[in-house]
Amino acid sequence: MAPRPSLGLRARLLSAFALLCVVTAAAVAGGLYVQARNDILQRTQDAAVQAMRSRLEAVFPLRSATPGPTELGDIAAAVPDQNSVEFAVAIYREMHSPVAPPGGWRPGGRVLDLDLGVISPRLRQEVAGGEIAWQRVVRQGTPWLIIGAPLLIVEPDGTTRVSGIEVYGARSLLAEQRSIDGLAARAWLTGGAALAFAVVLALLATRGVLRPVRELGRAARLLGEGEMRTRIAVRGTDELADVARTFNNTAAELERHVKQLREMEADARRFVADVSHELRTPLAALAAVADVLDEEAARLPEPAGRAARLVSQETLNLTGLVNDLIEISRFDSGVAALALNEVDVAELVPASLRTRGWSEQVHTELPPAVTAQLDPRRVDVILANLVGNALRHGEPPVSVRLTADPHWIALEVRDHGPGLDEAVLPHVFDRFYKASAARARSEGSGLGLAIARENARLHRGDLTVTNAPDGGAVFTLRLPRRAHDPDGGPE
């Protein structure tokens, strides 16, 4: 599964500021809104209840404990006014008065039908128990406050009791609702303004934070690309300035160490090159002596003959090692060059095998007329090393297969032995690396595959190795069919 793309630092900072602003604004504005709403409704409710209580006190004393429709109508008519309770109805058992004033109050041209369906059973139960209670309802889109109060009767001894008469008054909350809606609108506007302000602050903050971060990233990339003189301008005394100073100190120390390492590497390469060149003259003399010893070894007594052959073989090995070291030093110093020719690869491979007497031991698959611009000597060195290793350390059959497309050729050298250990594969092309400790004293120098890969890279190609699924090591040489210019494009 592909990793999900993450937000950048700017987007995360903006999101954090915006979220903080939204949460804070919502909490503050929401709290103020709820508090103001409750205060408005509570004041309206208290004023309406107090007004209704005062109006009901004017009804005392009742003429009858069992009023009829006329008396219920008088009671209902005594309650309404235009400032608190706008109309009322009185209920006694199964009877109720008409709505007073007649026709009801008409807010916005609508009439509140104050019937028993508007008054909830719970409200009636509380009023019947002798308590003043209220409820808020919405009828035809208009909010209303319904207040219920029991009417009391004063006994001759001055005590009061519930008469069983219930009086319900209604007051429109339309004005209060508009005020509350205005508060909500202002809360939304305040939240929106706070959000815009937070975004502006976030942009300013991210600009101040991201500029040094981007500079640090650019400097780190340059440093990774080898620009050891890269430094960051230090501004201010905050934590980012400390980071910049730390980076500059680290870069300076790294530049010093890299310079020392490069000088040591150059000295080591120069030493190897100088020693190798100095050894060529005495080795040439030793090689001549070795030839004489080879000729005389058969006529010498056995211990002396064996010693002569050993000296001759070690002289050849030492000569090969010195030649390999000289070749490596050319690659390291950058003086190795290609002598390019238009080469028929299908003819180059058999010629290389024929020169070393391997034609009968190696199976080839070479399509005809595959040409490329190559250095024949260096490609011959690569093939000789790969095929020689396959014959010495692998198992037959050994094969060389050529494939090509319009831009590349590939030479695949394979044996059918046990292959290479997985731990060995990453180090096959390392210098002086030998896969087995038993080969430490073998005739190879451990530089052959390293030189082969350097020759491949000098052609702007590459040399790789894998293990075949059915056994054996597979070395693949890929080379461009046309020479490349220094910028990497085809000529």
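What percentage of the contacts in the protein chain with a separation of 6 or more is accounted for by residues 24 or more positions apart? In this predicted model, in which local features need pLDDT of at least 70, side-chain atom pairs count only at pLDDT 80 or more, and totals for chains, interfaces and linings use all residues, such residues account for 63% of those contacts, a contact being heavy atoms within 4.5 Å. Residues are numbered from 1 along each chain as its sequence is written, and side-chain values use heavy atoms, with hydrogens and water left out.

The protein chain contains 9 helices and 12 strands, assigned as DSSP runs (H or I of at least four residues for helices, E of at least two for strands) and numbered from the N terminus. Of its 491 residues, 35% are buried, that is, under 20% relative accessible area with a 1.4 Å probe and protein chains only.

Leu-374 touches, among others, Val-345, Val-379, Ile-409, His-459 and Leu-479, not counting residues up to four places away in sequence.

Helix 7 and helix 8 pack at an angle of about 60°, with their axes 10 Å apart, where axes are lines fitted to C-alpha atoms over the stretch in contact and angles run from 0 to 180 degrees between N-to-C directions. That angle makes helix 7 oblique to helix 8, the class left after roughly parallel (under 35 degrees), roughly antiparallel (over 145) and roughly perpendicular (65 to 115). Their contact involves Leu-348, Val-349, Ser-352 and Leu-353 of helix 7, and Pro-376, Val-379, Asp-380, Leu-383, Ala-384 and Val-387 of helix 8.

Helix 6 (residues 302-333) packs against helix 9 at an angle of about 35°, with the axes 11 Å apart. In this pair, Asp-324, Glu-327, Ile-328 and Phe-331 of helix 6 meet Ile-451, Glu-454, Asn-455 and Leu-458 of helix 9.

Note on methods. Buried < 20%, exposed > 50% of the residue type's maximum accessible area, 1.4 Å probe, protein only.
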